[in-house]
Amino acid sequence: MYNVLKYKQNYDNFSINEQIIEISKNEYLLCAIDLIFSDENSVDYINLEKILKEFKNTYDEIIIDTTSNFKYKYLKKVLDLSDNIIYVVVPNISEIKKAISLYEIYIMDFNISNEKIKFIINKENNYSIDEHIIAKMFNIKKISGKLKYDEAIELLQQMIADVFRETGDYHLKEYFLKG
């Protein structure tokens, strides 16, 4: 993955397509979205709506993993342009409190339609808060899906975070291929 910050000086040379990597057959990933759209990089230099329309012509589905930092200027625009929003909730009390606060910002401040948001429980285990209680806490009818806690995935995420800390970049493909 290329370090997007190198384009900070000359936005005309920026290509979002260079930030896309193939992760498996017919599956691609746009990494480092927080680097592409951060406080240092103005959203104005990229026409986000145009980019998403181009992606919709190329891909059947587009999943954008956004930040939970609502202060990033691009977040509201990405949510507005999305057909559906998958809202991931970790089923423990401290994570649910944070998720409710962000959800309220989406609904009240960003004016995102509640019908557009689908809730997914992530990292479910034997000690998780029940999905019906979570649905009541968010004042929604149902949870759309659940993902079980998987220690192997947690380990992979930690490895990726370690690579980022070590390299300061998202060159994950090159890092793992070099052995």
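User: Which residues line the second largest pocket?
Analyst: In this predicted model, the second largest pocket is lined by N114, E115, I117, K118, F119, N139, I140, K141, K142 and S144.

User: How much space lies in there, and how does the lining divide into nonpolar, polar and charged residues?
Analyst: The second largest pocket holds about 230 Å³ of space. Its lining comprises four charged, three polar and three nonpolar residues.

User: F119 is in that lining. What does F119 touch, leaving out residues up to four places away in sequence?
Analyst: With those sequence neighbours set aside, F119 touches Y87, V89, Y103, F138, I140, I143, S144 and G145. Two of these contacts, I140 and S144, also line the second largest pocket.

User: Where does F119 stand in the largest nonpolar core?
Analyst: That core has 22 residues, and F119 is among the members that touch the most others, together with Y87, V89, Y106 and F138.

User: Which helices and strands each supply at least two residues of this core?
Analyst: They are helix 3 (73–81), strand 3 (85–89), helix 4 (93–109), strand 4 (117–124) and helix 5 (131–137). Helix 4 contributes the most, with seven residues.

User: What about a second core?
Analyst: There is a separate one of seven residues, including I20, L48, I51 and V78.

User: Let us turn to the aromatics. How many aromatic pairs does a search of the whole structure find?
Analyst: The search finds nine aromatic pairs. One of them is F55 with Y59, an edge-to-face pair at 5.8 Å centre to centre, with 75° between the planes.

User: Which residues do ring pairs link into a cluster?
Analyst: The cluster consists of Y87, Y103, Y106, F110, F119 and F138.

User: Now the backbone. What is the phi of N111, and where is N111 found?
Analyst: The phi of N111 is near 55°, a positive value in a residue other than glycine. N111 is found in the loop between helix 4 and strand 4. Most residues other than glycine have a negative phi.

User: Are N111 and N139 buried or exposed?
Analyst: N111 is exposed, at a relative accessible area of 60%. N139 also counts as exposed, with 66% relative accessibility.

User: Last one, I120: where does it lie, and is it buried or exposed?
Analyst: I120 lies in strand 4. Its relative accessible area is 18%, so it is buried, the cut-off being under 20%.

User: What does I120 touch, again without residues up to four places away?
Analyst: I120 touches I86, Y87, V88, V89, S144, G145 and L147 on that basis. Separately, the C-alpha atoms of I120 and E131 are 9.5 Å apart, and the two residues are 11 positions apart along the chain.

How values were computed:
Residues are numbered from 1 along each chain as its sequence is written. This is a predicted model: local features need pLDDT of at least 70, side-chain atom pairs count only at pLDDT 80 or more; totals for chains, interfaces and linings use all residues. Side-chain values use heavy atoms; hydrogens and water are left out. A nonpolar core is a set of buried Ala, Val, Leu, Ile, Met, Phe, Trp, Tyr and Cys residues joined through side-chain atoms within 4.5 Å. Buried means under 20% relative accessible area, exposed over 50%, partly exposed in between (1.4 Å probe, protein chains only). Helices (H or I, at least four residues) and strands (E, at least two) are DSSP runs, numbered from the N terminus. Contact means heavy atoms within 4.5 Å. Rings of Phe, Tyr and Trp (its six-membered ring) pair if their centres lie within 6.5 Å; planes under 30 degrees apart count as stacked, over 60 as edge-to-face and the rest as tilted. On a 1 Å grid over the protein atoms alone, a cavity is a set of points where a 1.4 Å probe fits but cannot get out, and a pocket is an open set with protein on both sides within 12 Å along at least five of seven lines; lining residues have an atom within 4 Å of a point. Grid points are joined across faces, edges and corners, and a volume is the space filled by probe spheres set on the points. Ala, Val, Leu, Ile, Met, Phe, Trp, Tyr, Cys and Pro count as nonpolar, Asp, Glu, Lys and Arg as charged, and the others, Gly among them, as polar.
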